[in-house]
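Here is a short report on one protein chain. Look over the sequence and the model, then read on with both in view.

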Amino acid sequence: MKKVFYILSMLLLAASCEIPFQLEQNGKARIYVQGIVHNGEVFVSTQVANPVSGKQLGQVPVDVRTSFDGDRFLVEAQADGLETASGSTTVPPGPDLEAVTARTFPIDTLTVTQVTFKLDHAPEEGEYYGIRIRRDQHLVFEDGTEKDTTSYATPGYILTLIESGSFNLEDFMQVSFDGTFLGGARYQPLTMITQKQFRENEYTFYLGSFDAQLLDAIRGRMPDGDTGAAGGDIASGEVGRQKDKKEEIKPVETHTEYTFTFYRLSEEFFLFAKALFQSNFDFLSNMGLIPANFTWSNVKGGLGVVGAVSSVTLGPYCYDPLPEGDAKEN
């Protein structure tokens, strides 16, 4: 199975193209702004972005003003000697979920849980969502010792090797905003969801699926650390988890609980996050395998993003597998 994952991951990374472009060497310093409102709470960070060459400025005091005009969130940043930077976004309503259902069942060598979120309406084009899946495990070992762990799961869509031909990295657009408005721990990936991943008003995914394991195989062969370049205090998100090199003894008993945070994203936040996801693959452009990625911004007179997210948290839910051959409905 590991060999299959390796072959598939290499094939997925082996697209080749050439795009000529020129870098603007002589520019001017600008204010870099990241302004996000999340469930009414405002988070803003600023930096001075210097050009590749030309006059370089150190960090200078930046005056930031935020305001709301109905459902519009506005940010304006000013500093002596620099152009005023400003941006705005429409704050989306919170996701209105009618139901969350789950079913656990065996397939091939896996035991997977199918989870369905049912919205109060079918998303339209231009509606963007996201999900974060927290997994808390209580482990018991042969010697009687116990351990609690927290990790984050990737929602999957493919159950078998036969279906792997439909694997698409865009189904796994993930970013991790470490230690900031959506972060906290080192790696807490937010997976973005578009209209195409809904069937009418239902979003269905799997826990422990084949493609989630394939994605881990791809991550394991990518450079260590944060390969993207978002700038500011919001990191662009690590492609792979920080893995403990030490092998652990397999536990004799486990109890697992999942907590879901479901997000509605403004268009500006989605486009920024998508650009950050793509920046994680910039090392491939250095090898000539994919086009170079360029930063997305909706800030006038400067750089960065002004965006908004609304969220609800559900759970914890227990989806511990039953004996082989059984199925469990929640």
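Pro316 lies in strand β15, which covers residues 303–318. The model is predicted. The peptide bond from Gly315 to Pro316 is cis, with omega near 10 degrees. Most residues other than glycine have a negative phi, and most peptide bonds are trans.

**Two positive phi angles**

Asn39 is not a glycine, but its phi is positive, at about 50 degrees. Find Asn39 in the loop between β1 (30–38) and β2 (41–49). Asn39 has a relative accessible area of 47%, so it is partly exposed.

Glu200 also has a positive phi, near 55 degrees, and is a residue other than glycine. Its place is the loop between β12 (198–199) and β13 (202–207). Is Glu200 buried or exposed? Its relative accessibility is 65%, so Glu200 counts as exposed. The cut-off for exposed is over 50%.

**The chain as a whole**

The chain has four helices and 16 strands. It holds 330 residues, and 43% of them are buried. The chain exposes about 17,400 Å². Carbon and sulfur atoms supply 49% of that area.

**Salt bridges**

Side chains of opposite charge can pair when their charged atoms come close. How many salt bridges does a search of the whole structure find? It finds five. The table lists some of them.

| Residue with N | Residue with O | N to O distance |
|---|---|---|
| Arg65 | Asp63 | 3.5 Å |
| Arg264 | Glu127 | 3.9 Å |
| Arg134 | Asp136 | 2.9 Å |

The pair of Arg264 and Glu127 links distant parts of the chain. Arg264 sits in strand β14 (residues 253–265). Glu127 sits in the loop between β7 (110–119) and β8 (128–140). The two residues are 137 residues apart.

Are Arg264 and Glu127 buried or exposed? Arg264 has a relative accessibility of 14%, so it counts as buried. Glu127 has a relative accessible area of 11%, so it is buried too. Buried here means under 20%.

Next come Arg134 and Asp136. Arg134 is partly exposed, with a relative accessible area of 35%. Asp136 has 21% relative accessibility, so it counts as partly exposed. In the pair of Arg65 and Asp63, Asp63 is partly exposed at 38% relative accessibility.

Salt bridges can also form a network. Which residues are linked in this way? They are Lys28, Arg30 and Glu83.

**Nonpolar cores**

In soluble globular proteins, nonpolar side chains tend to be buried together. The largest nonpolar core in this model has 19 residues. Phe117, Ile131, Phe205, Phe260 and Phe262 touch the most other members. Which strands each supply at least two residues of this core? They are β6 (97–107), β7, β8, β13 and β14.

A second, separate core has 17 residues. Among them are Ile36, Tyr128, Leu190 and Phe272.

Go back to Ile131 and its contacts. Leave out residues up to four places away in sequence. Ile131 then touches several phenylalanines, including Phe117, Phe205, Phe260 and Phe262. Its contacts also include Pro155, Pro189, Leu190, Thr191 and Ile193.

Strand β11 covers residues 190–193. Leu190 and Met192 point one way from the strand. Thr191 and Ile193 point the other way. All four are buried.

Which way do β8 and β11 pair? They pair in the antiparallel sense, over three bridges. Tyr129 stands opposite Ile193 in β11.

Strand β10 (residues 174–175) is joined to β11 by two bridges. These strands also run antiparallel. Here Val175 has Leu190 of β11 as its bridge partner.

Note on methods: Residues are numbered from 1 along each chain as its sequence is written. This is a predicted model: local features need pLDDT of at least 70, side-chain atom pairs count only at pLDDT 80 or more; totals for chains, interfaces and linings use all residues. Side-chain values use heavy atoms; hydrogens and water are left out. Buried means under 20% relative accessible area, exposed over 50%, partly exposed in between (1.4 Å probe, protein chains only). A salt bridge is a side-chain nitrogen of Lys or Arg within 4 Å of a carboxyl oxygen of Asp or Glu. Accessible areas come from the Shrake-Rupley method with a 1.4 Å probe; for residues, only the protein chains shown count as cover. A nonpolar core is a set of buried Ala, Val, Leu, Ile, Met, Phe, Trp, Tyr and Cys residues joined through side-chain atoms within 4.5 Å. Contact means heavy atoms within 4.5 Å. Two strands pair if DSSP finds at least two bridges between them.
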